[in-house]
Structures are given as C-alpha cells and as structure tokens.
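Welcome! Here is a short tour of one protein structure, taken a piece at a time. Have a look at it first, then read on.

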Amino acid sequence: MTPPSRQALVPFVSVDHMMRLVLHVGIERMMVELTDAIEADFRRWPQFDKTPRVASHSDIGVIELMPTSDGQQYGFKYVNGHPGNMRRGLQTVTAFGVLADVATGYPVMLSEMTILTALRTAATSAMAAKWLAPRDARAMAMIGNGAQAEFQALAMKAVCGIEEVRLYDIDPAATRKCAANLAGRGLRVVPCNSAEDAILGAQIITTCTADKQYATILTDNMVGGGVHINAVGGDCPGKTELAPAILHRAGIFVEYPPQTRIEGEIQQLDPDHPVTELWQVIAGQAPGRTGPSQVTLFDSVGFAIEDFSALRHIHARLRGTGFFQDLDMIADPDDPRDLFGMICRAEAVGAA
C-alpha cells in the first residue's frame, strides 16, 4: 500500500500523551497556562460563534456536542455526563475534541478531552475566582471530592494563591482519596465531616457534585457575606446545588446566559433575572466584585469557548514534542476529483 501523504495525517493526543504532556509542563504550570489561554479568548468573546451546546438527554445522563469558531479555527467537544457510571466502575464524564482549520475545513488535531476537560474546568474556575473572589482569599472549601476535586484545588493554588483546602463529600472514601492525592503538593488539606464544617473560614466555596437532581448542597444560612461561590457541579436541566435564596442575594456571573439559564443554578430564577457575563468583567465592560461584603457566584456550566481555548493551547504545546500520534484520517488523492481512483490503485497494489 502507498503510505499516506502528510496532508492525510492528523495529530492525535491520546490519554497517555496528554498525561505525559501535562507532567512535562508541570500540573500547576499547565493550570496557569490554560487560565491565561481561556482569559485571552474571553477578552475577544464577540469574535466567536456562540450557541448553547447540542444536548441529548436521557433519564440516566446526557451526551453533548459543544462547537465554536473564531473565524480562523473551529473546535468542538463531544462530552457525556452519566452520574450512575461510577457505580459501574466507569467515569462520570468522558470527552474528546477536534480542532480544525476554517480555511480548508481540515482537522489539525484530535485529542482526548476527559483529562483536558478537568484541566480546563479547573482553570476556568480559577479565572473566575481571580476576578471575583476576595483578594485576600487563602482558604477554599471543596464540597464534592470526586474526579475533578484535585484539579480545582491545584488550579486555585496556582492561580489565586490558595493555601488551605477544606474537603467534604457524602462519601468519606472520596474525601480520603482527594486528601491523599493532594498530600505533599503545598496545600494545607483539611478533611471535614460536614459541608458546614468545610465552609468555616473559607473565602471561596466550590461545589462540585454530580447527582442529576435538584439538590441543596448549600443552604442560605450557610453562606455569609463576602464569599465567592463557584458552582461547578455537572449541569443540566433539573440539576442544581444551591438554595434559591443564595441566588437572590448574590451577584451572579455566567458564561453564556442562553445556556446557563437552561442548565445552571439560575434555572431556578425568572428568565429575566439579571446576570453578568464573565467576559464583560474580564474585558473591563462590567464590574466584578463591588464590595467586601458582597456574595459573588460564578454559575459555571462550561462553554465551548473554554474547550476551544484548551484545544488551541494543547495544539501549540505539541510543537517540538513527541506527545502525539499521526493518524491517517484524511483521504488525499493525487487528483482531488478522483477519490474512487484511490480505491482502484489500492486494489491494484493489493492484487500485485
């Protein structure tokens, strides 16, 4: 068989390659770089195509496509959210993504995004806290100690200077897992027996749970003035973590309102309840935290531009490394009109 041409080959970043790249760069360094990449794209938010993710919901989970383009490059992510998977020994969230060239339509990279989604979600949380949390924040409560918890804690440390993380999960084994993974990484790790205990002294509260139901992880009387809340937990219609009273007294910041009003905490509010788009804060078009006693809430649901930023950054980071595999993905006939001829020539070679 004739070997594929250079035009036919697309770099593929496997799970193994992603792990090796992250370790090569350094976990916290990668968090900082991804935060900077996402922030840079938020500053040029109006340049992007924006649409709520295309979701296929079932009683047990959701499968989504998340596309966007800046006119030069196009990216999309395939991602699922199946909370019951853990009981089967499977990941709750898995993902892969593609980055493509708008001028030709050719893909320029295919990548795993299960690990990359955890990295970009944590980087986005840290970016929001950088702009919205109290400047002297040094302690963070992490309620929900599943697959994303360590990423969230390390991003907050690297980007925002958090020194203490207070852990709580309804499953003590998850807390033990998280505490063990964070040991020796420069954080004071405090396992807690309740959500109330976890938020004591914390200026940043992160909720990151996965159950697909209306839940009240934080009640109104648990949240004092001056804190910042990152509501991160896997979002979809019918899935919430915060008591509505918290939303009514918080300054609410979101990624893309048409998507967040369907999937985020603000699905509990009237459709015209005022919110601020985070990109406007970063671009200097809207205020962020307005005073030391204000409660700020980042109603994080994840948006395609964040995935685009992550894919774009990984693509740039691959240069000069061997952390990818070339896949023969694009047919490249000698004559673009003679696709069938490729098969004929392969047939002839096989017969010989």
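The strands to follow here are β10, residues 204-207, and β12, residues 228-231, which pair in the parallel sense over 4 bridges. Please keep in mind that this model is predicted.

## The whole sheet

Where do these strands belong? Both are part of an open sheet of 8 strands, which follow one another in the order β9-β8-β7-β10-β12-β16-β14-β15, with parallel pairing. At its edges you will find β9 (188-191) and β15 (276-277), each of which pairs on one side only.

## Strand β16 and its neighbours

Next, move along to β16. This strand joins β12 in the parallel sense over 4 bridges, and 4 bridges also link β16 with β14, again running parallel. Thr296 is a handy landmark: this β16 residue is the bridge partner of His228, and Gly251 stands opposite Thr296 as well.

Is β16 mostly covered or uncovered? It is mostly covered, with 5 of its 5 residues buried. Val295, Leu297 and Asp299 point one way from the strand, while Thr296 and Phe298 point the other way.

## Helices across the sheet

Helix α3 (residues 114-132) lies across β10, β12, β14 (250-254) and β16 (295-299), and runs at about 160 degrees to β12. Helix α5 (residues 172-182) lies across β8 (164-168) and β9, running at about 160 degrees to β8.

Note on methods
Residues numbered from 1 in each chain as written. Predicted model: local features only at pLDDT ≥ 70, side-chain atom pairs only at ≥ 80, totals over all residues. Heavy atoms only, no water. Pairing = 2+ DSSP bridges. Helix = DSSP H or I, 4+ residues; strand = E, 2+ residues; numbered from the N terminus. Contact = heavy atoms within 4.5 Å. Axes fitted to C-alpha atoms, helices over the stretch in contact; angles between N-to-C directions. Buried < 20%, exposed > 50% of the residue type's maximum accessible area, 1.4 Å probe, protein only.
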